[in-house]
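Let's take a walk through this fold together, starting with the overall picture and then zooming in on a few spots. Keep the viewer open as you read.

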Amino acid sequence: MLAELCVLVTRPLGQGQALCEAIESRAGKTVQIPLIEISPLEQAEQIQTLKGRIQNLDNYHILIFISSNAASYGADWINDYWPQFPVGVEVIAIGPTTAETVSSLLGCQVISSDSGMSSEDLLALPVLVDVAEKRIAIVRGLGGRELLAQSLRNRSAQVEYLEVYQRRPIAIQVEDFRRELTEHSVNVLTITSSESLHNLLDALGDNKAEMSLLPLLVPSQRVAQQARQAGFEKVVNAEGADVAAFIAALESLVVNSPDN
């Protein structure tokens, strides 16, 4: 049970309700303040580039989805042009939740790592070890980390991006944000990406020193390291961004609390 916790949920706009409901069903409290908005592409050049690559999807040997947002937005694009998913394209997803989403929306088999949900875990998959001369498409949002693509290129693969959505920070007034956290006695913070960490730091403003003493749940070791470098003292790696991973991490916080 999570009765001792009041959790700040910062998932992208419209995507936090499932986590809030899961926390509240376990007697916890939540404050939902999205820090990022996920939205479709807008610029004509970006849309045209993506359209051309989607239309030639069967030219790729491997398709990699790096998030649930990539899965849902990518599937919308693919299903518009491919009523039946092209034969011979191997599909990889960065974690079990994303893999399940891709398989459900595209009706194809999906490979995912059992050891973790980072680019490094994907790169250790046997299917990505020998990729010389293979054409690989990475489905993601605009911009982002280059490690996966660069590592695959170092293995002599031909890599392109299918950038299917964009992220926008949501402007938060520092004083309004502090008031919400204080009035609801928030005692756990959560983020789901490097972008949301940066936006959280902006929203905390001069209150960062005080709030950095609270536990901060993050989805990966990479974001955990960034959070520690930013000054957060009690960083908890949930080892995944899905609801189940965050609930398990919150439950571990309660179990390991000095009061228990």
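This is a predicted model: local features need pLDDT of at least 70, side-chain atom pairs count only at pLDDT 80 or more; totals for chains, interfaces and linings use all residues.

Numbering starts from 1 along each chain as its sequence is written, and side-chain values use heavy atoms, with hydrogens and water left out.

The chain holds 11 helices and 11 strands; both are DSSP runs numbered from the N terminus, with helices (H or I) having at least four residues and strands (E) at least two. Its radius of gyration is 19 Å, close to the 18 Å that the globule rule gives for 260 residues, so the chain is as compact as a globular protein of that length. That radius is taken over C-alpha atoms, and the rule is 2.2 Å times the number of residues to the power 0.38. Laid along its principal axes, the C-alpha trace spans about 55 × 40 × 35 Å. Of the 260 residues, 48% count as buried (under 20% relative accessible area, with exposed over 50% and partly exposed in between, using a 1.4 Å probe and protein chains only).

Now find helix H1 (residues 17-24) and helix H11 (residues 243-255), which pack at about 35° with their axes 10 Å apart. Here the axes are lines fitted to C-alpha atoms over the stretch in contact, and angles run from 0 to 180 degrees between N-to-C directions. H1 brings Ala 18, Leu 19, Ala 22 and Ile 23 to the contact, and H11 brings Val 243, Phe 246, Ile 247 and Leu 250; contact means heavy atoms within 4.5 Å.

Next, look at helix H8 (residues 194-204), where the buried residues are Ser 194, Ser 196, Leu 197, Asn 199, Leu 200, Ala 203 and Leu 204. Asn 199 has a relative accessible area of 15%. Beyond its neighbours within four places in sequence, Asn 199 is in contact with Leu 35, Ile 36 and Pro 169. Just after H8, Gly 205 takes a positive phi of about 55°.

Last stop: is Thr 98 buried or exposed? Thr 98, found in helix H4 (residues 96-106), counts as buried because its relative accessibility is 4%. Not counting residues up to four places away in sequence, Thr 98 touches Phe 65, Ser 67, Ser 68, Ala 71 and Ala 93.
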